[in-house]
Amino acid sequence: APILHRYLTFKMLSPIITTAQLKAIMKLLFNSMLDNRSGKEAVLITTALTLGLLIPASAFALRKKSITTNTRATPLLPLEEVKPLEAFTRKELSTILIAYDNNDGGGDSIPEGKLLRDRHGFTRYVLEKPDSSGARGKGKGLIVLIHGLGTSLEMFKDLSDKFIKEGYSVLRYDFYGHGYSKYWNGGDDNDDLFVEYSTDILVDQLEDLLEYIDVDDDELVGIVGHSTGGLAAIAFNDRRGRKEGGPKRKVAPKLCLACPALYSKKPIVARIADRFPNALTSLLKNVRPLLFTVGDSYLEAGETAFGKDPQTNKVIYKKEEEQVLQRNLRLFGKVRGVKKHPLLEAAILGINCFSLREDLQPGLRKMLLNVLQNKGTGTDGDAKCNVQWVWGNLDVTVPYKENIQEVETWAMNNDNFDVKTLDRIGHEMFFENSSLVFESILPFFNEE
């Protein structure tokens with residue numbers, strides 16, 4: 001019966017999709033039947049596509065926004081700090097505060113950090129420097145911490161404190177649509193919510209932030225990027241290492257890539273988004289109530305994000321997993337009396353469709369190899385960097401077992417690339433055991 005229902009539904013759609021598209025969607029939906037947890041989302045997407053027949057075709061055409069993502073683009077407005085209510089409506093700010101359980105939503109400030117108005121919107125950041133009385137060293141330089149999809153700068157609080165004690169300054173920030181950062185291009189609510197988050201936008205955000213806090217090239221020691229954050233770190237050095245016009249800028253000398261999103265194993269909704277990014281984005285843009293499928297898909301992916309004991313199949317860091325789950329349930333509106341984060345689901349969709357899509361991943365892996373092999377923009381080798389890939393051997397989100405051999409081959413062929421495997425750790429390594437990760441990566445940043 002479910003198969004027949006889906007088949008008949010798609011038969012109704014035949015006038016507006018090709019046979020190849022029909023076959024591809026049906027294959028994805030058939031595969032989803034192997035996992036009952038994905039069945040609901042699959043049926044909802046199918047039904048929603050049917051409802052698309054009732055919406056004029058012109059409404060489904062994604063409007064091309066005037067987003068400046070040129071590698072030498074400059075901010076359209078002066079970079080400046082703003083107050084929270086200059087970036088968010090009071091309702092947005094209140095909803096986000098409650099979703100993160102920061103307060104009762106009645107305040108007009110964010111719990112940590114400052115807000116920067118940049119070329120694509122507003123970025124929350126935290127810049128911390130070592131206390132001369134408590135640090136083990138002074139003036140070691142700046143390390144940037146970039147979080148992954150669906151999280152925020154708060155995930156790095158423990159790691160940041162540890163680096164600061166070692167004498168490093170640390171910069172943390174939220175991606176647009178995450179935490180307390182917001183994309184804003186002066187358009188209507190839909191245009192500023194449903195954004196094609198390319199890697200260029202991710203790099204623009206970081207470059208504007210570094211420019212604003214006035215970081216000298218020599219002061220930037222390196223970047224730690226988790227999952228999608230690792231992708232942003234690679235793209236940052238790729239841009240800075242190009243022999244293009246414009247001011248000469250050095251790359252980050254060291255990149256620590258923690259489970260970088262260069263491979264993937266995705267739930268059904270994310271795989272549909274991979275195949276039909278524009279169509280699915282247009283659908284959710286016009287049928288906003290269906291955005292919850294993105295949150296459900298993210299929660300489903302979270303069920304395998306923590307490492308499980310191969311013998312018992314039980315989560316090793318159960319307490320930490322439960323804490324993350326409770327936070328995510330609040331963010332996606334699954335807790336009674338708590339409204340979901342107003343920006344997060346659309347931001348996850350935009351990054352997944354236009355930065356993490358499966359067909360883009362071979363190009364992203366090639367980008368990493370280009371970064372590794374870049375000898376410099378001139379004769380002084382200032383585009384050369386060292387890269388450490390840190391990977392939990394129980395990671396199934398960025399699958400370790402299936403891909404470790406290829407990555408180790410890169411290490412054998414590049415003397416500036418090292419792979420470090422963490423035993424009994426999954427994809428969410430910074431939530432699972434931040435101390436173990438820190439001890440594993442500190443020598444990489446300390447070495448000359």
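Reader: Let me start with helix α12 (residues 292-302): is it mostly covered or mostly open, and how many of its eleven residues are buried?

Author: Mostly covered, with eight of the eleven buried. Buried means under 20% relative accessible area, exposed means over 50%, and partly exposed lies in between (1.4 Å probe, protein chains only). In α12 the buried residues are Thr293, Val294, Gly295, Asp296, Ser297, Tyr298, Leu299 and Glu300.

Reader: What should I know about the model itself?

Author: It is a predicted model, with residues numbered from 1 along each chain as its sequence is written, and local features need pLDDT of at least 70. Side-chain atom pairs count only at pLDDT 80 or more, while totals for chains, interfaces and linings use all residues; side-chain values use heavy atoms, leaving out hydrogens and water.

Reader: How many helices and strands does the chain have, and what share of its 448 residues is buried?

Author: The chain has 18 helices and ten strands, and 55% of the residues are buried. Taking contacts (heavy atoms within 4.5 Å) between residues at least 6 apart in sequence, 79% join residues at least 24 apart.

Reader: How do I read a pair of packed helices, such as α8 (residues 199-212) and α9?

Author: Two packed helices are described by the angle between their axes and the distance between the axes. Here α8 and α9 pack at about 75°, and their axes are 9 Å apart. Axes are lines fitted to C-alpha atoms, for helices over the stretch in contact, with angles of 0 to 180 degrees between N-to-C directions. The two helices are therefore roughly perpendicular (65 to 115 degrees; under 35 is roughly parallel, over 145 roughly antiparallel, the rest oblique). Contact residues include Leu202, Val203 and Leu206 of α8 and Leu231, Ala232 and Phe236 of α9.

Reader: And what is the geometry of α9 (residues 228-240) with helix α15 (residues 361-373)?

Author: Their axes come within 9 Å and cross at roughly 50°, which makes α9 oblique to α15. Leu231, Ile234, Ala235, Asn237 and Asp238 of α9 meet Leu364, Met367, Leu368 and Val371 of α15. By class, this contact has seven nonpolar, one polar and one charged residues.

Reader: Now the strands: which ones pair with β9?

Author: Two strands pair if DSSP finds at least two bridges between them. Strand β8 (residues 254-258) runs parallel to β9 and is joined to it by five bridges, with Ala258 opposite Val390 in β9. Strand β10 (residues 417-422) also pairs with β9 in the parallel sense, over six bridges, and Thr421 is the β10 partner of Trp391. Six of the seven residues of β9 (residues 386-392) are buried.

Reader: Loops next. Is Asn414 buried or exposed?

Author: Buried, because its relative accessibility is 8%. Asn414 sits in the loop between α16 (400-413) and β10. Beyond neighbours within four places in sequence, Asn414 is in contact with Leu372 and Gln373.

Reader: Where is Ile316, and what is its relative accessible area?

Author: Ile316 is in the loop between α12 and α13 (318-331). With a relative accessible area of 26%, Ile316 is partly exposed. Leaving aside neighbours within four places in sequence, Ile316 is in contact with Gly307, Lys308, Asp309, Leu394 and Arg424. Its C-alpha is 7.6 Å from that of Phe306, ten residues apart along the chain.

Key. Helix = DSSP H or I, 4+ residues; strand = E, 2+ residues; numbered from the N terminus. Nonpolar A, V, L, I, M, F, W, Y, C, P; charged D, E, K, R; others polar.
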